[in-house]
Amino acid sequence: MSLHPSPRALEERREDGDRPLVLPALPEQQAQPSAPAARNRLYVLDGLRILAALLVLVHHYTRQELWGRDPFGWLTVVGRYSWMGVELFFMISGFVICMSAWGRPLGSYLRSRVVRLAPAYWFCVLLTMGVLLSFGKPFGGAGPALSQILTNLTMVQTPLGAAPLDASYWTLWSEVRFYLIFAVVAWSGLTYRKVLNFCWIWTIASLLAPGSGLPVLGVLANPDYSPLFISGICFYLIRREGPRAGEPWALLFFSWLLMQRWLNDIVRWNTVKGDRLSWEMCLLVITLCYAVMAAVALGRLDRINWRWLSAAGAMSYPLYLLHQQAGLTMLRQWHRDVEPWTLLLSAMAVMLLVSWLIQRFVERPAARALKRFLERRPAAATRA
């Protein structure tokens, strides 16, 4: 089987705008035009995405309040801090969104976001609803359950004040805000200077937002997590322009300084009663995430080119959407009857299998159909 996909396959793989395909070659690669195109494929990003999703899953599945004790030992210690897979997700998102928007018109960029997020999300909302109904769990939140379900289908339940069906959905509001404000700079075409200016402006807005007394500025700037998205963008600029580009490194360092400040608040939000988290350990994990992304930007991890990582990375989105509410509901149902390690590994295996099935048989065909629908033009326009 050929290592190089056909043009049609490339288009189908790229239609979600979020799966890493071919990235700009590093300077030493550009000097070797005979090098195989596969060398520029960044499978490591797919590997980091599935790793981040699994880390978040471990965090939720090993919490002591679920089991009433600590049956997992060292894995419980890892799980106390593995919620920071979300922070890694945000950095990857900044990298990949900048990459996928480069050279694209605004309409294509926005359609790619809808095609990427909507099909799997809608299906996972309905599947989560089915799990909750099957196990007799209340949805929670004010108002009729049907209204909550319908509001969740919009993906903007957070600003509308509706309770999410799955607590993990909170990250989608951060992602959507990033996509929308990045569309402003993508509107007139991306350039190195324009993207850097955007990052500096967003950084300044994030500094001003907490004390401005303007709620709308806080919503748009998202100061707690904006340094992560901005860092991801800077890593892509370094990948694109080469390691000698000094300004992205300066902005990266400043973003890391801001991130360690907001980490105080984030650690407090993720601290469970009676379980004090180490701020120093959290800072170490964040710094390791920065180091890994720097290695990606500098091409140090390009040798990780295992093709199966592409499929694994594609599973990360449905896995993240499903794992918490549906997974914890099933764990609570059987945790008294099944040996903990057996139940934990079985639950992880089931979630991975279901995520692969969703990606293969729901998300992929639905994304193609939705893309064709969004690109359909009126008959009069076609004739013209």
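**View 1. Helix H10 (192-212) and helix H13 (246-269) each supply at least two residues of a nonpolar surface patch.** The model shown is predicted. The patch consists of Ile 204, Leu 207, Leu 208, Phe 253, Phe 254 and Leu 257, which together have about 540 Å² of accessible area. Leu 208 lies in helix H10. With a relative accessible area of 52%, Leu 208 is exposed.

View 2. Helix H5 covers residues 74-81. Its buried residues are Leu 75, Thr 76, Gly 79 and Tyr 81.

**View 3. Phe 135 and Trp 334 form an edge-to-face aromatic pair.** A search of the whole structure finds 23 aromatic pairs. In the pair of Phe 135 and Trp 334, the ring centres are 6.1 Å apart and the planes lie at 85° to each other. Phe 135 is in the loop between helix H7 (106-134) and helix H8 (145-153), and Trp 334 is in helix H16 (residues 325-334), so the pair ties together parts that are 199 residues apart in sequence. Phe 135 is partly exposed, at 26% relative accessible area; Trp 334 is also partly exposed, at 39%.

**View 4. One aromatic cluster contains Phe 90, Tyr 109, Trp 170, Phe 178, Tyr 179, Phe 182, Phe 198, Trp 202, Tyr 225 and Phe 229.** Tyr 179, one of the cluster residues, has Arg 113 over its face, at 5.1 Å from the ring centre.

**View 5. The charged end of Arg 360 sits over the ring of Phe 361.** The distance to the centre of the Phe 361 ring is 5.2 Å.

Notes
Residues numbered from 1 in each chain as written. Predicted model: local features only at pLDDT ≥ 70, side-chain atom pairs only at ≥ 80, totals over all residues. Heavy atoms only, no water. Patch = residues over 30% accessible without salt bridge, like charges linked within 9 Å, V, L, I, M, F, W, Y side chains within 5 Å. Areas by Shrake-Rupley, 256 points an atom, 1.4 Å probe, with all protein chains shown as cover. Salt bridge = Lys/Arg side-chain N within 4 Å of Asp/Glu carboxyl O. Helix = DSSP H or I, 4+ residues; strand = E, 2+ residues; numbered from the N terminus. Buried < 20%, exposed > 50% of the residue type's maximum accessible area, 1.4 Å probe, protein only. Phe/Tyr/Trp six-rings, centres within 6.5 Å; stacked < 30°, edge-to-face > 60°. Lys NZ or Arg CZ within 6 Å of the ring centre and 35° of its normal.
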